[in-house]
Amino acid sequence: MTRNSLRLRLIAGGAATIVVALAIAGVALILLFERHVARTLADDLDVHLKQLLAGMDVGADGKLELLRPPVDPRFAEPLSGLYWQIADDRGDLMRSRSLWDTVLKLPEDTPSPGEVHRHQTAGPAGAQVLVTERLVTLKIKDQPVSVRVAVAVDLSRIATARNAFAADLAIALTILGSILALATVVQVTLGLRPLDVLRRGVAEIRAGQRRHLASTVPLEVKPLVDEVNALLEAREQDIERSRNRAADLAHGLKTPLAALSADGERLRGKGEVTLAADIESAVEVMRRHVDRELARARLRGQASVGRRVTTAVTPLARSLVATLSRTAEGAAIDYDIRGSVDTSAPFDRTDLAEVLGNLLDNATRHARSRVRVGLSAGAAATTICVEDDGPGIPPELRSSALGRGIRLDERKEGSGLGLAIVQDVLEAYGWSLELDQSDLGGLRACCHADGVPCKGRTTGKDEQ
């Protein structure tokens, strides 16, 4: 996938959204957990504070006593993180063993009697502690005495619990993020599947396997499919009109060409041989141009129809050879057709006849005595080669020979459009024409599918 990939953009956007959402959720969960732990600790401090108040008494000497200390053993362990302290306004002080030699420094505020206050202050070893305190008033020897009862817990417990929770949460969110990312990939893949179906459908239309896109698609894609099908319909209609106009033009030109040809015959009969030859040559060039345009119009029409056809090559080659053998030039040529009778090519019969006919005609006009048609049906594709024993074409001129209207031998009749017509037909079917030296001594013209190398001399049973 590249940077311009829609799938990559959707997956990247989904992954970024998942990361941001999980990060926000993680921070929020950690804060909520921290608040929950703080509330739990505060509730525990309230319980310990009530135990202190319930166990507190005044001795016979008027001093405060703690008859029932809190049951939590951490109060007896030095610097355990859980502390209590009782002090009155006379200077008497009691504290838990866990405070060791430290005194909790309570704020200067004076709570109302019965009111519970909470503070954060410095505790033993400089640690921050959460303090819950309550002010009570006792009568000792008929004198009111204010007593501040405080319970504290080390806040590092909250940080420890928060960090442990964050570590566990990070693992859980990573697993969840991976699952969500996988789900995003699956969702994007399934969501883009209709576009992949459209791509394959368009490829099948281009390959001639179908004419229109299937209409059984999701509602969101159906408008696009309808527009593409409408465009294909309009294209077919335009091409059909173009074919008809080309055919009308070509047929309209045939009558004047026939008249010119007749004029040439009359001039030849009157002894104007040079003028007659010039007229006949011009008529032949114009006729080949007309034939070429008709062939191209037919090819465009077949491409728009989008049908897959095959044609047996050997029977068609025999038919063309039989026709050429009746001509003055062909009567002196020995035609050799090599290859299996079952060999076929993915061409319409008329188009394949256009290709073979032009190649055979070209070979017949330049051959001395022999023309060979080689057919090969390999695992990749069929190749068709037409060879002759004529003078051939030098390597440096072969590319020029494929140009439109190029005639390398001006002594031979023709318009120079035969190979150009062959190329037009082959290109319409995704094939190529390759010129090479034949082992017969002349030219070897090989037709093969694009991407399939042209094979060497084809051997096999003669089908002459």
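## Cores and helix H6: worked exercises

The largest nonpolar core has 36 residues, and Leu356, Leu359 and Leu433 have the most contacts inside it. The elements giving two or more residues to this core are H5 (313–324), S9 (334–338), H6, S11 (370–377), S12 (382–388), H8 (418–428), S13 (431–437) and S14 (443–449). A second, separate core has 23 residues, including Leu49, Phe75, Leu82 and Leu130. The model is predicted.

**Exercise 1.** Work out what end-to-end span helix H6 should have, and compare it with the model.

*Solution.* 
- H6 covers residues 349–366, which is 18 residues.
- The expected span is 1.5 Å times one less than the number of residues.

**Exercise 2.** Find which residues of H6 are buried.

*Solution.* 
- Apply the cut-off: buried means under 20% relative accessible area.
- Asp351, Leu352, Glu354, Val355, Leu356, Asn358, Leu359, Leu360, Asn362, Ala363, Thr364 and Arg365 pass it.
- Two of these, Leu356 and Leu359, are among the residues with the most contacts inside the largest core.

**Exercise 3.** Identify which side chain reaches a backbone nitrogen at the start of H6.

*Solution.* 
- Look at Asp348.
- One of its side-chain oxygens comes to within 3.0 Å of the backbone nitrogen of Thr350.

How values were computed:
Residues are numbered from 1 along each chain as its sequence is written. This is a predicted model: local features need pLDDT of at least 70, side-chain atom pairs count only at pLDDT 80 or more; totals for chains, interfaces and linings use all residues. Side-chain values use heavy atoms; hydrogens and water are left out. Helices (H or I, at least four residues) and strands (E, at least two) are DSSP runs, numbered from the N terminus. Buried means under 20% relative accessible area, exposed over 50%, partly exposed in between (1.4 Å probe, protein chains only). A polar contact is a pair of N or O atoms within 3.5 Å; within protein, one must be able to donate a hydrogen and the other to accept it, and residues adjacent in sequence count only if both atoms are side-chain atoms. A nonpolar core is a set of buried Ala, Val, Leu, Ile, Met, Phe, Trp, Tyr and Cys residues joined through side-chain atoms within 4.5 Å.
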